[in-house]
Amino acid sequence: MRAVNLIPTDQRSGASVGAGRSGGAAYAVLGLLVIVAALAVLYGKANRAASADKSKAATLNAEAQQAQAAAQALAPYTAFVALREQREQAVAALVDTRFDWAHAIHEFGRVLTKQVSITSLDGSIGGAATSTAVPTPPPTGAAGSSAAVTSATPAGSVPTFQITGCATSQHAVADTMQRLRLIDGVSEVTLQSSTKTGSSGGGGAASAGGSSGSCGPGHPVFAMTVTFSALPSASASAAAASAKTSSVAETTVTTPSSGGGAG
Amino acid sequence: MTGRDRIVMIVIAVLAVAAGGWMLVVSPKRKEVKTYEEQVATAETQLSTAKSQLANAKAAQSQYATAYASVVRLGKAVPPSQEVASLVYELEQASNQHAVSFDSIATSSAGGSPSASAAATAATGGATGFTQMPFTFVFAGGFFDFEHLFRGLTAFTSHGGDGSLQVSGRLLTIQSVKLAPEAATPGAGGGKGAPNLTGTVTATAYVLPAGQGVTAGATPSSPSGTTAPAASAAAGSTTTPAVARVTP
């Protein structure tokens, strides 16, 4: 007996599974609908985001312009404050690069002994070894350019003192050199000459100290150069000054009597 | 064509439609969104910069009174013109305070010209820097009086204990000092038998660059260039007129 397949031909396995009677057209329409819906959702979201961002950008731009206009209206104030900063920095830079003459004179008076009298003290500040201008940083928000203030005693200049005087002995001259070396900031003390005067005295260097008007008989007349360290830069000087004020150190100084010492 | 082939064709067609829709419709819109997002980011940066500028400007406005007083005070240290008369007053006052006789003042330009204006114009320190005015002063007094005098001259413009600038007179930079016994009256003056010395001092004063006023045209109430007192910009912030006290 021959077997007969009772399943209808269109429902047998392997023959257009799931295609149904429409031949899959229904699925295609359904899929298209889903795709179109998804695309529409994505488009809608993007469109909403675009319009939101657009309006946000416009708002922010308007706010920025408003703030800029307000800042522009106050620009003269900013420029004036910048001018103040610039001038303060320039003046401070000049102040910081000055040599402390009062301190140097004070130190000379402190270290010179009664065995020595000074006939002349000639101090000067030599040319700068490095730069000749004290640069000031540009002020914040300044409209102008940075200013380079030229100091009369720029950083790197070397202060030197030429000292001539009389001493009671050559030993006293040597002592003086040693003591001058103790002065704060002195880098070098060099002797040009130390010559004993004749019995008549004088020797070319008139003493300004004591009761005698000239070097005593047999007393050496000396000439020496005291060289100080080069002037620091404005920033280094300011830093040193602030450090000095932070650590308050009282020092007792002894001054020479009016008869001897520096005269 | 079998049913399976048909399904494959349908899937491909649906995918093609999806890809086409994405590329032609959604993707351009998303690119547009990205562009707007970049615009928003740029605008936010601009706004932040503008706000910070405004904050700085408002801070500058609130500091104006102090700044004006400082600038006026600094004008005493570095005046806009030579102001030799005030310098002489200050030197005379300082020397009197320290028992030193103020004997002479001379401008010491490179050519030795006695003209202060020539000296000032000869030694310009740069287009934006201060103009130098070299002088030679001659004083007479005792050794330690000179020390005090130099301290006084330096104190015209110096740093205070807190590091701030203290200005009570002209900014002077001493370049050289020559102390020698006074020729005419050896041993006289100076007090307590101390010999009198002649001190020849070369120093430099400074002047603001030509065309720059002390306050650059600003008034105590507002700087130069302000139109209205920035009512819209600085609503609520009031500027009190600056008061600068300068002792002669």
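Helices (H or I, at least four residues) and strands (E, at least two) are DSSP runs, numbered from the N terminus. By that rule, chain B has five helices and six strands. From the N terminus on, its elements run α-α-α-β-α-β-α-β-β-β-β.

This is a predicted model, in which local features need pLDDT of at least 70, side-chain atom pairs count only at pLDDT 80 or more, and totals for chains, interfaces and linings use all residues. Residues are numbered from 1 along each chain as its sequence is written, and side-chain values use heavy atoms, with hydrogens and water left out.

Of the 248 residues of chain B, 42% are buried, meaning under 20% relative accessible area (1.4 Å probe, protein chains only).

Now the interface. Contact means heavy atoms within 4.5 Å. Chain A brings 77 residues to it and chain B 89 residues. The two chains bury about 7100 Å² between them, with 72% of it on carbon and sulfur atoms. Buried area is the accessible area (1.4 Å probe) that two parts lose on being put together, summed over both. A:Y77, A:F80 and A:R87 supply 12% of the area that chain A buries against chain B, more than any other three residues.

One salt bridge crosses the interface, that is, a side-chain nitrogen of Lys or Arg within 4 Å of a carboxyl oxygen of Asp or Glu. B:E44 pairs with A:K56, the closest N and O atoms being 3.6 Å apart.

These elements of chain A each give two or more residues to the side that touches chain B:

| Element | Residues |
|---|---|
| α1 of chain A | residues 25–73 |
| α2 of chain A | residues 75–96 |
| α3 of chain A | residues 101–111 |
| β1 of chain A | residues 116–125 |
| β3 of chain A | residues 148–149 |

α1(A) gives the most, with 25 residues.

Methods: Chains lettered and ligands numbered in written order. Buried < 20%, exposed > 50% of the residue type's maximum accessible area, 1.4 Å probe, protein only.
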